[in-house]
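Subject: Structure handover and notes

Hello,

Here is the structure I promised to pass on. Please open it beside this message and follow the notes below.

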Amino acid sequence: CNYYSRVDGAFFIKGTCNDKYESCVVERVDAGGTKRVGRVPANLTYKTNFCVDLKDRFWISHKDTLFCLADSTGSGKGIEKYFEKNVYISDIQCGRDNKVWVATKNNGVYCYQDKKCVVHFNTESGLLADNISSVYIDDSNNAWLCSENGLNLLRLGGSGKYDIRSFTKANLLPDNCVNSVCEKNGTLYIGTNNGLLGINTKDVINAKYPPIPVYISNISIRGRDTAVRSGYVVNYGNSISFGFSAISYSTEKAPTYFYSLEGADKEWSKTTSEKIQYDHLAPGDYRLLVYAEGWQGQGTSIAFTVLPPYWQKWWFILAEVLAGLIVLAGIFYAVVAYKHRKSDLLRKMIENDLKSLRAQINPHFIFNALNSIQDFIFSHQPRQANYFLSQFSRLIRVIVDNSAKEYISLEDEIKFLKLYLELEKLRIGETLSFQISCDEQIDAANIGIPSMIVQPIIENALVHGLPMANGEKKLLVHFVKSGQMLNCIITDNGIGRKRAHRYKKQNVSMGLSNITERLQLVCTRENTKIQPIVITDVDESALNTGTRVSIFIPLIQINS
């Protein structure tokens, strides 16, 4: 399968087809897809180059034969043959004037118009070579012929005759072996074995010899090559050299160059070398100007700066002035570093104390919970005991997960407390009722709270305050925002602190002291001065006085 791009923008592809009527089809490709526009008879399937002229006739080549298919139906009618001798075809192109140009490997180029050969050029006519590898037709219907000996331009003059121009390494090209040519937006691109040349098309066509541009090809600083840029900075004492080149269009002899270094030279210098080197330049800004002889307006320039030596730089002088200040700054830094180390040590001590207290709380709670399970198992039915054990296993899993964290979300803490109180209600009975609530202005999912900080207070109420209360035993837990603190208010309708202390002198809970110490450490780390726990009686005149415990926790944002 191969393709052909026509000058009017049409694009064609040729491929094989295995049906019984044809073995090669040509399709036209556009934005809407592909459309079959012709068939090629089976005996022409494996031919090499092809093109479609502006009258939709197919031109197909095979070695030394050129076929023109006037009938695109594939019927085999209207096929015409050309050459039929030792002329091997390498390329076929159609111009905007509907002329078909046929490049050959050993006899130059042929031009067909209305299926007749109107022009033939070879070395005898003035071409650089008879072996033409490819042909390119530009928008002005000029033919560009590529060969291993250079590039030929066939330009149609006013008299109807073609003017032949030749371009080689001697007058335009970086190499004589030209592989392909194309034009885009007024620039002619020529692909050679020694690189790609881009040049203004009008300069090539109209001028006898195009202008000679000079290019900076190499820059070396201190003997090391560096990338070519628009400007450089060189340290004092380093050498800098510039390599440059220009294409000599009129002769193979190297051109003469003129150069001047602005900032150092007062006059222009002349050289045939393509390298200039400067050593030990004084500090300052410079610009090198280079052009080829006869083309002063087509030169090039490059700027660079030589830095002053370190003893002349402002930072060296300033360093001497500030030497004494640096010593004082070092002493100040040592004092500040000592205070920082002391502060870090205090922070680490606080964190270690918090970890130690969390480790004490978990065994204490689990011991009390296991006692409750034991009582429940011996006093209830097996099915109820099994349900209690499954709920307790969930509670243990939550405790294990939370105890490893310094902070958990308030949302997770509320879920844990509900699970714990549901278990306690199974143990105590329906006389126990509880309610846990949170103000709407609190974002429970993003507020952090120390793990296992509320449960010991609730456990203390269930163990010391509520068991001896008459009637319904109520427990309320409410979270509210108080300034920059989170206030957890735990209220029960138990017997009050005095009576509980009288009945339970031997079972003073360790949880309260642990929580108080943990909260004090957290407040110290967060630079908050407040009494973390406040305990009051609800109503001393009532039989069940009740107790209210307010826990103040610094507001800490998590998951934000």
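Start with helix α5, which lies across strands β29 and β31 and runs at about 85° to β29. Helices (H or I, at least four residues) and strands (E, at least two residues) are DSSP runs, numbered from the N terminus. Axes are lines fitted to C-alpha atoms, for helices over the stretch in contact, and angles run from 0 to 180 degrees between N-to-C directions.

Two remarks on the source. This is a predicted model, in which local features need pLDDT of at least 70 and side-chain atom pairs count only at pLDDT 80 or more, while totals for chains, interfaces and linings use all residues. Residues are numbered from 1 along each chain as its sequence is written, and side-chain values use heavy atoms, with hydrogens and water left out.

The sheet

β29 belongs to an open sheet of three strands, in the order β29-β31-β36 with antiparallel pairing. Strands β29 (407-409) and β36 (556-557) are at the edges and have a single partner strand each, so one side of each has no neighbour in the sheet. Strands count as paired if DSSP finds at least two bridges between them. β31 (residues 447-450) and β36 pair over two bridges, and I447 has Q557 in β36 as its bridge partner.

The helix pair

Two packed helices are described by the angle between their axes and the distance between the axes. For α5 (residues 410-428) and α6 (residues 455-465), the angle is about 20° and the axes are 11 Å apart. That makes α5 roughly parallel to α6; angles under 35 degrees count as roughly parallel, over 145 as roughly antiparallel, 65 to 115 as roughly perpendicular and the rest as oblique.

Which residues of α5 meet α6? They are E413, F416, L417, Y420, L421, E424 and I428, and their partners in α6 are Q455, I458, E459 and L462. Contact means heavy atoms within 4.5 Å.

α6 is mostly covered, with nine of its eleven residues buried. Buried means under 20% relative accessible area, exposed over 50%, and partly exposed in between (1.4 Å probe, protein chains only). Among the buried residues of α6 are Q455, I458, E459 and L462.

A hairpin

β15 (residues 150-156) and β16 (residues 162-167) pair in the antiparallel sense over six bridges. L151 stands opposite F167 in β16. Five residues lie between the two strands of this hairpin, and G160 in the turn has a positive phi of about 85°.

Single residues

N98 also has a positive phi, of about 65°, although it is not a glycine. N98 lies in the loop between β9 (89-94) and β10 (100-104) and is buried at 11% relative accessibility. K115, in the loop between β11 (109-113) and β12 (116-121), has a positive phi near 65°.

S241 is in strand β23 (residues 240-246) and is buried, at 4% relative accessible area. Leaving aside residues up to four places away in sequence, S241 touches N218, I219, S220, K275, I276 and Q277.

Regards
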